[in-house]
Amino acid sequence: MELKVDNGDGIESWKEVTLIYSAALRQIETRMEVLNEEFQHVHQYNPIEHIKARIKTPESIVKKLKRHGYESTIDNMVQHINDIAGIRIICSFTSDIYRIAEMITEQRDINIVAIKDYITFPKASGYKSYHMIVTVPVYLSDRTIDTKVEIQIRTVAMDFWASLEHKIHYKFEGDAPEHIKSELIECAKMVSDLDARMLSLNEEIIEISKERAEKKENA
Ligand code: 0O2
């Protein structure tokens, strides 16, 4: 069942919105923690560095609705705002991003609504991140509600860049001086370079460790 308003099954107040979206967020967060722990157990490696979860503030929702030309109603919010519940998964390497996305896709009751791959296709601003809009079932006492959650997956370096760029964007209300924009694009290139070098360094370390372990075994 999709979220609807005024039909007796849906959400009618901000309190209900918070309750349902918080439940969806907790579910995704717990599942990610379980996957991370299991990955550590099987591969002796944690793909997830840390997780941040948040419910979008009412002010931010109203602003986004206005930006998209919608009235501020609960119905519009539920229909048109995909990131009321948002979770950010931060990992070490670019390869982890796709590994985590795949693990999410394989979860039977998580339905993938949309994917935006800003890693393969970065934004003109330099922004890189992997976005998934998913729905997860929230089981209430009398009904089940498939609830949207936006999952953003990015590396530590991408997250550092995005946080600063976000602050600058808000400080200048989207009208930052040209030299700051171009400096940010330069920094984004450095972030991509750093991510690529750290990944290749890590792959080399794994390879050397394997060779040494094999030598030890055969000695
Ligand atoms: P805030 O203030 O972070 O909440 P959709 O959400 O799919 O309906 P949208 O917004 O076009 O539509 O989707 P997109 O491009 O996937 O962006 C969703 C979120 O990603 C944004 O939420 C930001 O958090 C982040 N994001 C997208 N582009 C950029 C960027 O260029 N720089 C930074 N720093 N973050 C970005 P909000 O609601 O726009 O903003």
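D83 has a polar side-chain atom 3.4 Å from an oxygen atom of the ligand, a polar contact in the sense of a pair of N or O atoms within 3.5 Å. Within protein, that term also asks that one atom be able to donate a hydrogen and the other to accept it, and residues adjacent in sequence count only if both atoms are side-chain atoms. This is a predicted model, in which local features need pLDDT of at least 70 and side-chain atom pairs count only at pLDDT 80 or more, while totals for chains, interfaces and linings use all residues. Residues are numbered from 1 along each chain as its sequence is written, and side-chain values use heavy atoms, leaving out hydrogens and water.

Here are contacts with the ligand side by side.

| Residue | Atom of the residue | Atom of the ligand | Distance |
|---|---|---|---|
| D83 | polar side-chain atom | oxygen | 3.4 Å |
| Y118 | polar side-chain atom | oxygen | 2.7 Å |
| A162 | backbone N or O atom | nitrogen | 3.0 Å |

Around the ligand there are 18 residues, and K56, Y118, K123, H131 and E165 come nearest; a residue counts as near if one of its heavy atoms lies within 4 Å.

Now for the aromatic rings. The structure holds three aromatic pairs, where rings of Phe, Tyr and Trp (its six-membered ring) pair if their centres lie within 6.5 Å; planes under 30 degrees apart are stacked, over 60 edge-to-face and the rest tilted. F39 and Y45 form an edge-to-face pair, because their ring centres are 6.4 Å apart and their planes stand at 65 degrees. F39 is buried at 10% relative accessible area, whereas Y45 is partly exposed at 23%; buried means under 20%, exposed over 50% and partly exposed in between, with a 1.4 Å probe and protein chains only.

The rings of Y98 and Y130 are also edge-to-face, with centres 5.4 Å apart and planes at 75 degrees. This pair links distant parts of the chain, with Y98 in helix α4 (residues 94-105) and Y130 in strand β4 (residues 130-139), 32 residues apart. Helices (H or I, at least four residues) and strands (E, at least two) are DSSP runs, numbered from the N terminus. Y98 is partly exposed at 32%, while Y130 is buried at 9%.

F39 also belongs to the buried residues of α1, among them V17, I20 and Y21.

Finally, a word on confidence: pLDDT, the predictor's confidence in each residue, runs from 0 to 100. The protein chain has a mean pLDDT of 92, and 95% of its residues reach 70 or more. Over residues 1-9, however, the pLDDT is below 50. Where pLDDT is low, the predicted coordinates should not be read in detail.

Definitions and conventions: Contact = heavy atoms within 4.5 Å.
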